[in-house]
Amino acid sequence: MVDFNRFTLANGLRVLVHEDDTTPMAVLNILYDVGARDEEEGKTGFAHLFEHLMFGGSVNIPVYDEPLQRVGGENNAFTSNDITNYYITLPATNIETAFWLESDRMLSLAFSEKSLETQRNVVCEEFKQRYLNQPYGDVWLKLRPLAYTTHPYRWATIGQDLAQIENAKMEDVKAFFHKHYNPLNAILVVGGNVKTADIKEMAEKWFGPIPSGTAYERRLPAEPQQTEARSQTVHAEVPLNGLYMAFKMPARRDPEYQVFDLLSDVLSQGHSARLYQRLLKDQQLFSDIHAYITSSLDEGLFVIEGKLSEGVSMEDAEKAVWKELQEIASQPVTVDELTKVKNKSESIMVFAEMSLLDKAMNLAYYELLGDANGLNTEIDKYLAVEAAAIQNAAARTFIPAQCSILYYLTAKDA
């Protein structure tokens with residue numbers, strides 16, 4: 001159970017406080033309700049570029065890291081297709097430094113051509129290293145536009161291509177900032193050895209004067225239902241042939257989300273799971289195989305990803321996967337399987353409650369979903385899932401006409 005207090009500033013900033021006097025540390029986490037899905041086609045990669053630009057200095061603080069290091073703090077951030085999240089950990093006695101730093105960034109970045117050029121180069125280098133020059137690195141650059149034809153999930157967080165980042169203009173960058181980086185679009189969570197009354201005072205002092213901005217109304221195009229199989233074949237310098245199968249699944253807030261999460265666990269959670277036991281260990285068709293979900297805020301993906309064993313044909317490997325998917329769609333999972341994956345989910349959630357940073361990030365995320373207290377009731381949703389629901393979800397999902405497949409072949413198999 002994660003206890004918290006909640007209040008909202010006059011400018012719309014939602015603030016949550018988790019008091020924990022068992023630690024000398026504190027965390028300040030700020031979640032902005034903006035991700036790659038909020039970008040325009042042709043101007044993608046901006047949410048991720050912003051994650052970098054936010055460390056390039058703000059109006060009153062030319063170098064972000066210096067004051068933080070002086071008070072023993074650390075910081076980082078991440079961007080997804082749905083959110084951008086920044087966090088600072090530091091001794092609780094120095095928490096006001098974190099308020100000063102984050103409020104100045106929200107108030108106004110120091111929009112300089114030099115900072116834009118520097119961070120643009122950093123992101124371009126990341127694009128090359130992680131996505132273009134790494135084996136299988138471009139899988140999501142290809143799988144997303146295969147699975148999605150309309151919704152902006154069709155591009156990866158890094159962007160559609162290098163040119164769009166290279167050509168990012170200052171006016172576009174400023175417009176993106178003013179549209180998304182404001183109190184109305186943010187959730188602030190402070191956790192650790194702090195008192196709610198003190199945090200409220202600091203929040204009013206540092207964030208209260210920031211104009212609320214204009215509420216962002218998200219009107220994203222819905223993805224039409226997929227009615228025919230899609231596939232793409234890629235040849236690259238990779239060590240093993242890869243198979244990537246993507247099916248649509250419900251959005252994160254959907255009541256069936258937990259059913260699909262457990263379905264992926266039955267197939268792939270640990271060495272006793274079906275795909276590992278049958279396709280890797282027994283039949284030795286794969287050297288590596290996983291099932292996982294994207295946990296997207298809009299309609300997401302259920303993905304089967306595997307690297308084939310040397311000498312195994314793609315036809316045999318794919319056929320074996322379909323056999324497993326059809327079995328789980330036609331017969332209920334066993335009591336033992338269901339109990340195991342539920343216990344695993346419960347232990348993961350309990351473990352996440354041990355870390356101060358995880359608690360702060362989770363409170364922010366569940367508040368975005370609708371209510372931070374959802375963090376405390378989430379496990380009940382998993383424990384309530386029945387075998388019949390998993391079978392039903394599999395039967396509706398694992399249909400060839402609703403599958404997008406990427407065949408990733410080694411150069412020698414070209």
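**Pockets and their linings**

Modeller: Residues 170–344 carry the UniProt annotation "domain: Peptidase M16 C-terminal", from an unreviewed entry; such positions are given in the numbering used here, with shortened feature names, and annotations may be inferred rather than shown by experiment. This is a predicted model in which local features need pLDDT of at least 70 and side-chain atom pairs count only at pLDDT 80 or more, while totals for chains, interfaces and linings use all residues. Residues are numbered from 1 along each chain as its sequence is written, and side-chain values use heavy atoms, with hydrogens and water left out.

The span 170–344 is 40% helix and 22% strand, with its end C-alpha atoms 47 Å apart; helices (H or I, at least four residues) and strands (E, at least two) are DSSP runs numbered from the N terminus.

The largest pocket has a volume of about 1,400 Å³. Of its 46 lining residues, Phe78, Ser80, Ile293, Thr294 and Ser295 are the closest to the centre. (On a 1 Å grid over the protein atoms alone, a pocket is an open set of points where a 1.4 Å probe fits, with protein on both sides within 12 Å along at least five of seven lines, and lining residues have an atom within 4 Å of a point; points are joined across faces, edges and corners, and the volume is the space filled by probe spheres set on them.)

Among the elements that each supply at least two lining residues are β4 (74–79), α4 (113–132), β9 (286–293) and α12 (335–352), while α13 gives the most, with five residues. Domain 1 (5–208) and domain 2 (230–413) each contribute at least three residues to this lining, the bounds coming from an automatic or database domain assignment. By class, the lining holds 21 nonpolar, 15 polar and 10 charged residues, where Ala, Val, Leu, Ile, Met, Phe, Trp, Tyr, Cys and Pro count as nonpolar, Asp, Glu, Lys and Arg as charged, and the others, Gly among them, as polar.

The second largest pocket holds about 280 Å³. Asp38, Glu39, Glu40, Phe176 and Lys179 lie nearest its centre, out of 15 lining residues, and helix α7 (residues 170–180) provides the largest share, five residues. Its lining comprises six nonpolar, one polar and eight charged residues.
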